[in-house]
Amino acid sequence: MPHVETFTMTEPDDMHCHLRRDDVMRSVAHFTARQFARAVIMPNTIPPILTADDATRYFGEIIGSLSGGFEPLMTIQINELTTPAIIIKAKKTGVVEGK
C-alpha cells in the first residue's frame with residue numbers, strides 16, 4: 001500500500017458546534033459555514049432547544065442568517081423532563097437528527 005503524506009477534507013463536518021442565539025449566532029454562524037459543510041448544533045442555548053418546535057425555529061434562524069451551502073444538524077436538549085414522545089416528535093420533524 002502506498003504511503004500517503006497529505007490528506008484533504010473537502011467538506012468536513014463540525015461534530016460539536018455552539019452557535020448561540022440572536023446577534024452572537026448571526027455574527028459567528030458564517031465562520032462555521034465557511035469551514036464546514038454540516039455541523040451538529042448543540043441545544044444548550046438561552047433559552048434551550050427542548051422540543052421539535054424549538055429546533056424548527058432555531059433551524060430557521062440559522063438558515064436565515066446564512067447565504068446557503070451549510071446544513072445544520074439539529075438536536076434537542078435531553079433533561080429530566082424529556083419524554084419519549086418529545087424525542088419521537090422531534091425526530092419526525094425532519095429537522096432533528098439522530099436515531
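Modeller: Aspartate 54 and arginine 57 are both in helix H2, about one turn of the helix apart, at a spacing of three residues. Helices here are DSSP runs of H or I with at least four residues, strands are runs of E with at least two, and both are numbered from the N terminus. The model is predicted: local features need pLDDT of at least 70 and side-chain atom pairs count only at pLDDT 80 or more, while totals for chains, interfaces and linings use all residues. Residues are numbered from 1 along each chain as its sequence is written, and side-chain values use heavy atoms, with hydrogens and water left out.

Biologist: What does aspartate 54 form with arginine 57?

Modeller: Side chains of opposite charge can pair when their charged atoms come close. The criterion for a salt bridge is a side-chain nitrogen of Lys or Arg within 4 Å of a carboxyl oxygen of Asp or Glu. Aspartate 54 and arginine 57 form one, with 2.9 Å between the closest N and O atoms. Aspartate 54 is buried, at a relative accessible area of 17%. The classes are buried under 20% relative accessible area, exposed over 50%, and partly exposed in between (1.4 Å probe, protein chains only).

Biologist: How many salt bridges are found in the whole structure?

Modeller: The search finds four. One of them joins the side chains of aspartate 23 and arginine 26, at 2.7 Å from N to O. These two are three residues apart in helix H1, so about one helical turn separates them. Aspartate 23 is exposed, with a relative accessible area of 57%, and arginine 26 is partly exposed at 45%.

Biologist: Which parts of the chain does the salt bridge of glutamate 61 and arginine 21 tie together?

Modeller: The side chains of glutamate 61 and arginine 21 meet at 2.9 Å, N to O. Glutamate 61 belongs to helix H2 (residues 52-64) and arginine 21 to the loop between strand S1 (13-17) and helix H1 (22-35), so this pair ties together parts that are 40 residues apart in sequence. Glutamate 61 is partly exposed, with a relative accessible area of 27%, whereas arginine 21 is buried at 17%.

Biologist: What pattern does the protein chain follow along the sequence?

Modeller: The chain has three helices and three strands, in the order β-α-β-α-β-α. The C-alpha trace spans about 50 × 35 × 20 Å along its principal axes. Of the 99 residues, 32% are buried. The chain exposes about 6,900 Å², and carbon and sulfur atoms supply 58% of that; areas come from the Shrake-Rupley method with a 1.4 Å probe, and for residues only the protein chains shown count as cover.

Biologist: What share of the contacts comes from residues 24 or more positions apart?

Modeller: A contact means heavy atoms within 4.5 Å. Among contacts with a separation of 6 or more, 65% are between residues 24 or more positions apart. Proline 72 gives a case to look at. Proline 72 is in strand S3 (residues 71-74) and is buried, at 2% relative accessibility. Leaving aside residues up to four places away in sequence, proline 72 touches Ala39, Ile41, Phe59, Ile62 and Ile63.

Biologist: Where is leucine 81 found?

Modeller: Leucine 81 is in the loop between S3 and helix H3 (84-92), and is exposed, with a relative accessible area of 66%. Leucine 81 and arginine 38 are 43 residues apart along the chain, and 29 Å separates their C-alpha atoms.

Biologist: Is the peptide bond from isoleucine 46 to proline 47 cis or trans?

Modeller: That bond is cis, with omega near -5 degrees. Proline 47 is placed in the loop between strand S2 (38-41) and H2.

Biologist: What is the phi of arginine 20, and what is that of aspartate 22?

Modeller: Arginine 20 has phi near 65 degrees, a positive value in a residue other than glycine. Arginine 20 lies in the loop between S1 and H1 and is partly exposed, with a relative accessible area of 39%. Aspartate 22, not a glycine either, has a positive phi of about 55 degrees. Aspartate 22 is in helix H1 and counts as partly exposed at 46% relative accessibility.
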